[in-house]
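Open the model in your viewer and keep the sequence panel beside it.

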Amino acid sequence: MPVPPVYLNSDPKLFGYSTARSRWPKILQGALEDVSKLVPEASRAEFTRGLQDILDAINNDDEVKPFTKDEIAQNSQLTSYNESLAQLLPMTWQTGPWLYLECHLYQMIEAINLRLAANVDIFEALKHSTFKLLQAGVHELAKHVNSLEETKGMDDESLRLLFREFIDISLWGNATDLSLLAGGISVDDINLIQGKELRRKNEEKIIVNEIDEAWKWVRSKETSRYDIVLDNSGFELYADLCLSVFLLKHGLAKEIHLHSKEIPWFVSDTMPKDVDQLLAQLVEPGFFDAQDDEFKKLHATLKDYFGSGAIRVDHHPFWTLEHNFWKLGEVPGLSDTLRKSDLIIFKGDLNYRKLTGDCEWPETTPFTEAIQDLARSQLPVLTLRTCKADVVVGLPEGKNEELCKEYEAMTNGDQPGYFWTALGKWAVIQFSDGSK
Ligand code: F6P
Ligand code: MG
């Protein structure tokens, strides 16, 4: 099938439309409110002016401007942006391609940061406060992970179930509604009705689930390295760390590489310093209401794994370029390291949009077609994605229509059914072994 066009911000039926008109302005407004908390005094006025200019350009639906020579001198990545932009112009903030423009927006915020040498993550306060709010789930999961030691040497079927469970935890860590998280299941429960029932309920929301194919893949080889292309810091990162501990403790992996962003990105994406901060928060007096041994124990385990290099944080500028992931197998300095991986797990919505090019694929398009060259790159890819944008592929015939009806009924007809794709309540787990 020829590659369809990418999603634009101009169509009121699509999610980019409300993102450009309401979500981006809200995000920028929030950033403006945090300037006084985070930006050094000497740069505050200029930083505020910079953010306000971006907000005005979006609200006025101005034409998008290329990055300046001075901005490129401070960040060579922007050359690539200008090259892509030249192919797209003329276009405005409220009508251009959603994915390109959203990447451009975060690079503009970073350009202010670099120009003023402010060196701040303007979303940091938000990242911390959201993590704090979720302490009950953090504690529950710590208990669960700490109990894993007792389950070493388990039979293959129990191990498969546990693998599925930790993959689910990592998946739902990306949801907008964290009550969907498959937490609260003790290791003892794993074969009991309650655990199964909970898993079954959550699994209904996973409308395509290829986890068993990924399991067969990892069990068919001497798996030693997993890579996780991270999404958000806070609870999602914490869930990814719990998955990592599970993989290492059960000998499914010897090394885990976590791929992070180098700059503040899509509000809450993980940067290397966020990993350090999260580890510190687990044992920081007063961060959570109550401190207890579960946090300390998990913290010690994680520290050991980071110390020995079993878990490590990588970063590469490619993850904050505007490109989709179809040529990931050819990215200098990144593809070589990814080739050493036995499974590359992509977290979250933005990574899924980049995997599929954020194109208007029919929903029944096979995943391996939507990821184009990546499906032939020999890179084994697993995506864990709660759906928060229009693009979705690999659905069985009729599923989209069924969910449209279900969502319309859920909202008593107040919202169009096709909005189901953007709410973070449904999810997909899709796999490609890279050998198509
Ligand atoms: O602004 C919209 C968006 O790009 C959506 O794709 C998604 O809702 C969000 O930002 C990022 O989600 P995630 O953190 O799961 O990649
Ligand atoms: Mg994100």
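Start by selecting G357, which lies just after helix α15 and takes a positive phi of about 75 degrees. Helices are DSSP runs of H or I with at least four residues, strands are runs of E with at least two, and both are numbered from the N terminus.

Before moving on, note that this is a predicted model, in which local features need pLDDT of at least 70, side-chain atom pairs count only at pLDDT 80 or more, and totals for chains, interfaces and linings use all residues. Residues are numbered from 1 along each chain as its sequence is written, chains are lettered from A and ligands numbered from 1 in the order in which they are written, and side-chain values use heavy atoms, with hydrogens and water left out.

Select residues 348-355, which form α15; eight of its eight residues are buried. Buried means under 20% relative accessible area, exposed means over 50%, and partly exposed is in between, with a 1.4 Å probe and protein chains only. Among the buried residues of α15 are D349, L350 and R353.

Now show ligand 1. Which residues come nearest to ligand 1? Of the 13 residues around it, they are R23, E102, D349, L350 and R353. A residue counts as near a molecule or strand if one of its heavy atoms lies within 4 Å of it.

An oxygen atom of ligand 1 is 2.4 Å from an N or O atom in the side chain of D349. R23 has a polar side-chain atom 3.0 Å from an oxygen atom of ligand 1. For N232, a polar side-chain atom lies 2.9 Å from an oxygen atom of ligand 1.

N232 sits in the loop between β2 (225-229) and α11 (235-249), while D269 sits in the loop between β3 (255-260) and α12 (272-283), so the pair, 37 residues apart, links distant parts of the chain. N232 counts as buried because its relative accessibility is 14%. D269 counts as buried too, at 2% relative accessibility.

Next select K127, H128, F131, S233, G234, D274, Q277, L278 and Q281, which line the largest cavity. About 60 Å³ of space lies in this cavity. On a 1 Å grid over the protein atoms alone, a cavity is a set of points where a 1.4 Å probe fits but cannot get out; a pocket is an open set with protein on both sides within 12 Å along at least five of seven lines; lining residues have an atom within 4 Å of a point. Grid points are joined across faces, edges and corners, and a volume is the space filled by probe spheres set on the points.

Which helix gives the largest share of the lining of the largest cavity? It is α12, with four residues.

**An open space**

Select D53, I54, K65, E71 and M108. Of the 20 residues that line the second largest pocket, these lie nearest its centre. The space in this pocket is about 440 Å³. Helix α2 gives the largest share of its lining, six residues.

A42 also lies in helix α2. A42 counts as exposed because its relative accessibility is 81%. The C-alpha atoms of A42 and G348 are separated by 37 Å, and the two residues are 306 apart along the chain.

**Backbone stops**

Select L89 and P90: a cis peptide bond joins them, with omega about 0 degrees. Then go to A117, in the loop between α5 and α6. A117 is not a glycine, yet has a positive phi of about 45 degrees.

**Last stop: T386**

Select T386 in strand β6 (residues 381-386). Is T386 buried or exposed? T386 is buried, with a relative accessible area of 0%. Its side chain and that of N174 are joined by a polar contact of 2.6 Å. A polar contact is a pair of N or O atoms within 3.5 Å; within protein, one must be able to donate a hydrogen and the other to accept it, and residues adjacent in sequence count only if both atoms are side-chain atoms.
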